[in-house]
Amino acid sequence: DGGNASYYNKTTDEAMDSMKGRITLFIKDGGNASYYKKAITCLMALRGECIKKEDSETFNDFLKDGIKAAFSKGRYGEVWEMIQEEKLTLITSDESSDSDVTVAMSVEFIEGELDATQAPTTQAAAEDDESDEDMDGL
């Protein structure tokens, strides 16, 4: 029955909207690491649900426009740093067939704001590996 599917989609969409509202509330009204952790837990749950539903757009748009744009700098910058530490990033096409985000794009999205001391470049990591190998020969 198509009516049941329509009802299910409506209630699921309402639940996702409610979850997005709760996440924003935890960040804005909580204002500390404890509430930010709750927001991140909710973000992880929302991400998982969006992958299951093949609705990456809902999560990706919320993460880009609702979270990163609003909370990556200034008073709420700490929450974005915590999201980066968790590597909580955009849903990729590898995870959901409806996504057009590549793995490289998702990595760039989440690491784009990290400073050089937090995220060594691939080149620097490769050089570290080479220097370790050089030391092995000594």
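I took rings of Phe, Tyr and Trp (its six-membered ring) as paired if their centres lie within 6.5 Å, with planes under 30 degrees apart counted as stacked, over 60 as edge-to-face and the rest as tilted. On that criterion I found three aromatic pairs in the structure.

I worked on a predicted model, in which local features need pLDDT of at least 70, side-chain atom pairs count only at pLDDT 80 or more, and totals for chains, interfaces and linings use all residues. Residues are numbered from 1 along each chain as its sequence is written, and side-chain values use heavy atoms, with hydrogens and water left out.

**Aromatic pairs.** I looked up Trp80 and Phe109: the ring centres are 5.7 Å apart and the planes stand at 90 degrees, so the pair is edge-to-face. I noted that the two residues lie 29 apart, Trp80 in helix H4 (residues 77–85) and Phe109 in helix H5 (residues 103–111); helices are DSSP runs of H or I, at least four residues, numbered from the N terminus. Both Trp80 and Phe109 are buried, that is, under 20% relative accessible area with a 1.4 Å probe, protein chains only.

**Charges over rings.** I required NZ of Lys or CZ of Arg within 6 Å of the ring centre and within 35 degrees of the ring normal. Lys68 lies over the face of Phe109, 4.4 Å from the ring centre. The charged end of Lys38 sits over the ring of Tyr35, at 4.9 Å from its centre.

**Arg47.** I located Arg47 in helix H2 (residues 33–52). Arg47 counts as buried because its relative accessibility is 13%. Its C-alpha is 8.5 Å from that of Leu90, 43 residues away in sequence.

Key:
Buried < 20%, exposed > 50% of the residue type's maximum accessible area, 1.4 Å probe, protein only.
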